[in-house]
Amino acid sequence: MRLRDRDLSYWKTDFLKVNGYNKDMTGWEREDSEFVIRMLNNGIQGKRLKYKAIIYHIWHKEKSKENLSINNYIQESALKNKLSWCENGIDKHLIEM
C-alpha cells in the first residue's frame, strides 16, 4: 500500500456534469488534472482529506508518455478556455433508459 496526496474521488453526478474523463487524452499524465480543471470550472469544489482517510492504490504498469505534449495541450486549453465539459467523454458510452 502506498499513501498519496493526489488520489481522487468524486460523486457520480459531478462526474457526469463534466462528461467524465476526456477520451482524447491517451497514455500517461494529465488526464486527472484536466478532469479536475473542468470540475473547478463547473463550480465543483474539492476537499482535502490528507491524514483523514485510508487510500489504497491499485498497482498498474505505467503507460506510454509518447502523447504527453498532446495531453499538455488539451489541459492548457481547458484552463485557458475555462472548459467545464469535454466533447469526447462518458456520454458516448451511456445508455438512455
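Q: How many helices and how many strands does the protein have?
A: This is a predicted model, in which local features need pLDDT of at least 70 and side-chain atom pairs count only at pLDDT 80 or more, while totals for chains, interfaces and linings use all residues. Residues are numbered from 1 along each chain as its sequence is written, and side-chain values use heavy atoms, with hydrogens and water left out. Elements are DSSP runs numbered from the N terminus, helices being H or I of at least four residues and strands E of at least two. From the N terminus on, the elements run α-α-α, and the count is three helices and zero strands.

Q: Which residues of helix H2 are buried?
A: Buried here means under 20% relative accessible area, exposed means over 50%, and partly exposed lies in between (1.4 Å probe, protein chains only). The buried residues of H2 pack against helix H1 (12-17) and helix H3 (68-80), where contact means heavy atoms within 4.5 Å. Within H2, which spans residues 31-41, the buried ones are Glu34, Phe35, Ile37, Arg38 and Met39.

Q: Which residues make up the largest nonpolar core?
A: A nonpolar core is a set of buried Ala, Val, Leu, Ile, Met, Phe, Trp, Tyr and Cys residues joined through side-chain atoms within 4.5 Å. Phenylalanine 15 touches, among others beyond four places away in sequence, Phe35 and Met39. The largest such core has five residues, namely Phe15, Val18, Phe35, Met39 and Ile44.

Q: Is arginine 30 buried, partly exposed or exposed?
A: Arginine 30 is found in the loop between H1 and H2, and, not counting residues up to four places away in sequence, it touches Met25, Leu68, Asn71, Asn72 and Gln75. With a relative accessible area of 23%, arginine 30 is partly exposed.

Q: What volume of space lies in the second largest pocket?
A: On a 1 Å grid over the protein atoms alone, a pocket is an open set of points where a 1.4 Å probe fits, with protein on both sides within 12 Å along at least five of seven lines, and lining residues have an atom within 4 Å of a point. Tyr21, Asn22, Lys23, Met25, Thr26, Gly27, Glu31 and Lys63 line the second largest pocket. Grid points are joined across faces, edges and corners, and a volume is the space filled by probe spheres set on the points; for this pocket the value is about 170 Å³.
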